[in-house]
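Please look over the sequence and the model below before reading on.

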Amino acid sequence: MSAGTYEHAEALVLMNPGPVMTDSRVRTALAGPDLCHREPEFSELMARVRHRTTLVAGGDDRHTSVVLTGSGTSAVEAAVSSAVPEDGGLLAVDNGHYGERFAHMAEAHGIRSHRLELGWGNPVDPAAVDRALAGRTGLTHVGLVHHETSSGMLNDVAAVTRVAHSHGCEVIVDAVSSIGAERIGLAADGIDWLAGSANKCLEGAPGLGFVSASRTAFEALAGAPRRSYCLDLHRHYQAQEKAQAPAFTPGVPAFYAFDAALSLALAEGWEARNARYQGLARQLRSGLQELGLEILLPPEQRAAGLTAVRIPAGWSYAELHEGLRAHRFVIYAAQELLARDYFRLSTMGCMTEEDIGRFLAVLRRLLRDRDGTARPERARTRTGDEGEG
């Protein structure tokens, strides 16, 4: 293979939680024509992407979206740094790496915050959120992750939103790893600020993040502190909504790809995409348990798009990654507290049952060749359940 060329035979099965494998129509869209971002053609493209983004976020005529050239992290940080007022404060609901990150973002921007530490892999308790808000004055916002991909945990956004609103607080939801494949909606759940990414369950190309909220909320940012120049949501809203142009030079090819991906996502619908991901996850998890491997969370707490698995005894993550990568499968390390004992497998993107079947066959062969047996015993989940529930 010559430098700068990529052949189909070299394609990898990406079992990392983003960037994901994309539809050929999304990849083709990346090769759209060179385009100046100040021309009307881009204004039309941007307006269409913003509208479709609002629809997948479960918004209605009261809502809109700002699309940023950057990662999902940039979208979450833009929401935190822009939405919390000068005299406000943020409650960071922390049951994993990405919940903890809310507190780090607040600290970086000089925002007063309190971190509600629930422990990695533990579900969010709305009563604990209620007590935290009742016991501290000056908190105006709650930061919550929908799909906590450090563990694969799916948090109950609607329940936390109800609690937060009862205390007069707004909610900032990190939906980066859930939107497009899990039930979540601005209008249905009363979410105040929803941050997402193009390249996970929406199956677009990397490079775009977005924040969706009510038009009223975006307008109200006119009086908010300017903690960031590049991530100032009001600046981006004014440019995209009023001037019909981006505030800064955007990733035009990523917009082309996201437009195509959003069209596919809306046509499929989150329910059908969830069912597709759940089917792959059931196949994967059943196969892992047949190999005697332990899954971190009980079935009722798992998101459709990710499974955290205990590293097989006698293996290191590096050895497992190398062995599977040799067969064109890319797996993902766990983070921080879970890194020593677990790895992660995504079922996001354009993965197929055939891909999962081949992965399980390769993994079985690797374990057999190392151990001399095929590990016939079935594993336990954290609660002892074997099925998906």
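Strand β11 and strand β14 (residues 342-346) are paired in the antiparallel sense, over five bridges. Two strands count as paired if DSSP finds at least two bridges between them. Helices (H or I, at least four residues) and strands (E, at least two) are DSSP runs, numbered from the N terminus. Within this pair, Thr307 stands opposite Leu345 of β14.

The pair belongs to an open sheet of three strands, ordered β11-β14-β13, with antiparallel pairing. Its edge strands are β11 (306-310) and β13 (332-333), each of which pairs on one side only.

## Basis of the model and overall form

The model is predicted: local features need pLDDT of at least 70 and side-chain atom pairs count only at pLDDT 80 or more, while totals for chains, interfaces and linings use all residues. Residues are numbered from 1 along each chain as its sequence is written, and side-chain values use heavy atoms, with hydrogens and water left out.

The secondary structure of the chain amounts to 13 helices and 14 strands. Along the principal axes, the C-alpha trace spans about 65 × 55 × 35 Å. For 389 residues, a compact globule would have a radius of gyration near 21 Å, and the chain agrees with this at 21 Å. The radius of gyration is taken over C-alpha atoms, and the globule rule is 2.2 Å times the number of residues to the power 0.38.

## The seven-stranded sheet

A second open sheet is formed by seven strands in the order β2-β10-β9-β8-β5-β3-β4, and its pairing is mixed. The edge strands here are β2 (63-69) and β4 (112-117), each pairing on one side only. From one strand to the next, the twist averages 20°. In general, strands of a sheet pair through backbone hydrogen bonds, either parallel or antiparallel.

Strand β3 (residues 89-94) runs parallel to strand β5 (residues 141-145), and three bridges join them. The bridge partner of Leu90 in β5 is His141. Helix α4 (residues 97-108) lies across β3, β4, β5 and β8 (170-174), and runs at about 155° to β3. Helix α9 (residues 233-242) also packs on the sheet, where it touches β2, β9 (193-197) and β10 (208-214), and its direction makes about 105° with that of β2. Axes are lines fitted to C-alpha atoms, for helices over the stretch in contact, and angles run from 0 to 180 degrees between N-to-C directions. Contact means heavy atoms within 4.5 Å.

## Packing between helices

Helix α5 (residues 126-134) and helix α6 (residues 157-166) have axes that come within 9 Å and cross at roughly 20°. This makes α5 roughly parallel to α6. Angles under 35 degrees count as roughly parallel, over 145 as roughly antiparallel, 65 to 115 as roughly perpendicular and the rest as oblique. Pro126, Val129, Asp130 and Leu133 of α5 make the contact with Ala159, Val160, Val163 and Ala164 of α6. By class, these residues are seven nonpolar, no polar and one charged. Ala, Val, Leu, Ile, Met, Phe, Trp, Tyr, Cys and Pro count as nonpolar, Asp, Glu, Lys and Arg as charged, and the others, Gly among them, as polar.

Helix α10 (residues 252-268) packs against helix α11 (residues 270-290) at an angle of about 90°, with the axes 6 Å apart; α10 and α11 are therefore roughly perpendicular to each other. Leu264, Ala265 and Glu268 of α10 meet Ala272, Arg273 and Arg276 of α11. This contact has three nonpolar, no polar and three charged residues. Helix α12 (residues 317-325) and helix α13 (residues 353-371) pack at about 125°, their axes 10 Å apart, and are therefore oblique to each other. In α12, Glu319, Leu320, Gly323 and Leu324 meet Phe359, Val362, Leu363, Leu366 and Arg370 of α13. That contact comprises six nonpolar, one polar and two charged residues.

## Backbone details in two loops

Most residues other than glycine have a negative phi, and most peptide bonds are trans. The bond from Gly18 to Pro19 is cis, with omega near -5°. Pro19 is found in the loop between β1 (13-14) and α1 (24-29). Glu203, a residue other than glycine, has a positive phi near 60°, and lies in the loop between β9 and β10.
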